[in-house]
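Hi everyone, thanks for coming. I'd like to walk you through a structure that may be new to you, so let's bring it up on the screen.

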Amino acid sequence: MRALHFMKIDYMLTRKQMYFMPAILVLAWVVGTGVSKGAMSLLVTCSYVAFVASIFSTAPFGYCVRKNRGFLLLLPATVKERVAGRFLYGLSFVGLLGVFCGILWGVYAMMGYELPLWTVAIGLCELAVGILIMALEFLFFYLFGEGKENWQQLSNIVRIAPGMAMFFGMTYFVGKIEEIQSTTAGGMGIDPEALSGKFMQVGVIAILAALLLTAVAAAVCMKVIENRDYA
Amino acid sequence: MKIIISNQSELPIYAQIREQLKEQILNGQIPEGETLPSIRQLAKEVGVSVITTTRAYSELEAEGFIATMQGKGSVVLPTDNNLLREQYLLRIEEGLSTAIETAKTMGMSKDELTDIFHNLLET
Amino acid sequence: MMELLEVKNLSKHYKNFDLKDISFTLPKGYIMGYVGANGSGKTTTLNLITGVLKCVEGDVRIDGLSREKGEQAYKEKIGYVGDESYFPDHFKIKHIRNVIKDFYPTFSKDKFNGFIRKWNLPENKLIKDFSRGMKVMLMFASVLARDTKLLVLDEATNGLDPVMRTEILKLLQEYVMDGERSVIFSTHILSDLEQIADYIYFIHRGRTILYDAKDELIENFLLVKGESAKIPPALKKELIGLEEKTYGFEAILPSDKAELLGNAFLFEKPTIDQIVIHYIKSREEQ
């Protein structure tokens with residue numbers, strides 16, 4: 001329960017970025033449609049959203065420099081609850097953006113676009129990677145930088161680089177997709193449609209694995225922070 | 001009832017409180033049977049520590065000016081004449097001793113001193 | 001259970017600084033001044049008490065409860081006011097109210113709003129735009145609006161105007177009024193706070209120098225002044241923090257050594273500040 005209260009605090013801390021989040025989501029859609037069409041554009045949009053998620057989910061760390069944190073440290077709760085709250089914030093934030101992608105997907109389906117199941121699976125994998133990047137960033141921030149000032153540049157690289165790599169990787173992949181499709185289909189004689197069921201399993205497993213790794217990361221952070229001063 | 005604390009005074013704060021309360025009890029400004037404010041109340045009003053006020057009260061109690069009863073607070077006792085007399089006597093002696101002390105330092109003779117004493121009595 | 005705060009052999013080691021063997025008790029209903037120069041370890045001690053720093057060596061109990069036994073209950077008993085605002089800069093009063101309401105079951109919204117009105121704290125400003133005085137009063141409001149047992153103040157009245165300082169003194173005395181709750185405050189300047197302190201704990205460079213009831217301390221020492229040339233060796237041994245100036249010396253002397261003074265020196269009741277200054281001087285010389 002108190003972990004949820006800490007999550008709420010993080011949302012209050014970062015309330016400003018929630019105001020311009022809709023604009024960013026619209027931008028993500030514009031970027032997607034600019035690169036490709038239909039299902040492919042959705043994949044680009046989703047990778048952009050995951051990129052955004054990986055950047056903005058770490059925002060609470062920036063608001064928690066030493067002099068601003070006393071109040072939170074004094075609250076009657078354990079370190080575990082505080083760290084859990086931060087991870088819940090990250091997960092729920094990425095989750096919210098994931099829901100946006102889901103809705104977009106639904107809208108496209110209703111508008112009659114052809115959305116092969118394997119693209120949905122790749123979308124899920126993107127979400128999983130988004131969660132994983134978030135968890136790794138949290139791990140990095142907790143282990144090396146929580147509360148430290150004067151490390152803006154490094155922290156910005158950590159916040160931006162992985163998500164950006166994924167976004168450009170995805171854009172590249174979408175550009176090459178037809179080539180890949182023809183080689184896999186033609187060269188190995190595999191029919192992508194027949195494998196759709198398997199693709200979905202891969203997507204779901206990817207998400208579950210990401211959640212599991214996030215839990216492990218959270219546990220590590222709790223252990224480390226419990227033995228640390230001002231934490 | 002009034003208490004004024006001076007930081008310049010050589011008397012410790014608890015003694016200032018004790019003396020001022022004593023004075024007011026002796027001259028009747030605080031009548032017998034009156035309940036004094038609680039220690040913590042007085043400490044807050046005067047802006048001094050609880051321990052200081054506690055000490056002032058317990059010394060007043062030891063000297064027979066007040067009695068502290070559980071749950072009722074500290075009540076001013078009747079100042080019987082002997083006690084009153086004793087206190088005044090003490091004060092007269094103190095005053096005279098200071099005068100004698102001063103006279104000794106300047107080497108004044110016993111007669112000269114008694115002369116001053118008698119002269120002052122007449123005025 | 002008469003003791004509200006028990007600190008036993010508290011130590012903390014840093015690269016350039018050690019806090020060593022801090023021990024004291026503070027009974028229910030009393031106020032302690034935790035005194036020392038800047039960098040003497042006051043904040044470290046108070047942070048160990050509030051649990052912001054991990055207490056590895058030594059033991060702290062509040063109302064009989066140690067932090068290990070119940071972190072939540074332990075922290076609920078404490079109200080802390082720091083020397084600068086510890087609230088997130090970008091919060092407004094409503095956010096703070098919201099968080100406190102979530103975390104502290106004894107929080108009274110009415111009391112809190114009462115303080116906000118009484119002290120004219122702006123509801124719609126970000127805390128970073130508050131004046132220093134407003135920040136301090138907001139900390140007090142957030143702490144006094146709930147049921148605590150121990151107030152911990154770290155240099156909380158620094159840089160406040162005299163009117164506010166007086167207001168805070170009254171608040172502290174009201175706080176201990178029922179005889180169940182206690183206050184520990186740290187400071188490097190005693191002045192007005194000295195008046196209301198029952199106990200004084202004095203540390204220097206992480207070590208205990210003096211710890212006693214304030215009235216005892218003042219009575220146990222004399223401030224001695226006179227001509228340096230006239231100090232006999234027997235007296236010189238006993239003088240603490242002897243400070244020789246062009247036209248005479250000043251030092252502190254334990255009252256029980258007063259017979260060494262004879263008639264050659266002037267002596268008077270010291271203030272706590274004077275005792276502290278001479279003690280620091282004597283430590284520096286060692």
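Let's start with helix 1 of chain A, where the buried residues are A:Ala3, A:His5, A:Phe6, A:Met7, A:Ile9, A:Asp10, A:Tyr11, A:Met12 and A:Leu13. Please keep in mind that this is a predicted model. That list makes nine buried residues out of 12, so helix 1 of chain A is mostly covered.

Now for the contact between the chains. Chain C brings 30 residues to it and chain A brings 28. Together they bury about 2,700 Å², with 62% of that on carbon and sulfur atoms. On the chain C side, C:Val52, C:Lys54 and C:Phe103 lose the most area to chain A, together 24% of what that side buries.

How many salt bridges cross this interface? The rule finds one: the side chains of C:Asp102 and A:Lys8 meet at 2.7 Å, N to O. There are also eight residue pairs in polar contact across the interface.

Which elements of chain C give two or more residues to the side touching chain A? They are helix 1 (42-50), helix 2 (71-76) and helix 3 (93-103). Helix 3 of chain C supplies the largest share, seven residues. By class, that side of chain C has 14 nonpolar, seven polar and nine charged residues.

How values were computed: Residues are numbered from 1 along each chain as its sequence is written. Chains are lettered from A and ligands numbered from 1 in the order in which they are written. This is a predicted model: local features need pLDDT of at least 70, side-chain atom pairs count only at pLDDT 80 or more; totals for chains, interfaces and linings use all residues. Side-chain values use heavy atoms; hydrogens and water are left out. Buried means under 20% relative accessible area, exposed over 50%, partly exposed in between (1.4 Å probe, protein chains only). Helices (H or I, at least four residues) and strands (E, at least two) are DSSP runs, numbered from the N terminus. Contact means heavy atoms within 4.5 Å. Buried area is the accessible area (1.4 Å probe) that two parts lose on being put together, summed over both. A salt bridge is a side-chain nitrogen of Lys or Arg within 4 Å of a carboxyl oxygen of Asp or Glu. A polar contact is a pair of N or O atoms within 3.5 Å; within protein, one must be able to donate a hydrogen and the other to accept it, and residues adjacent in sequence count only if both atoms are side-chain atoms. Ala, Val, Leu, Ile, Met, Phe, Trp, Tyr, Cys and Pro count as nonpolar, Asp, Glu, Lys and Arg as charged, and the others, Gly among them, as polar.
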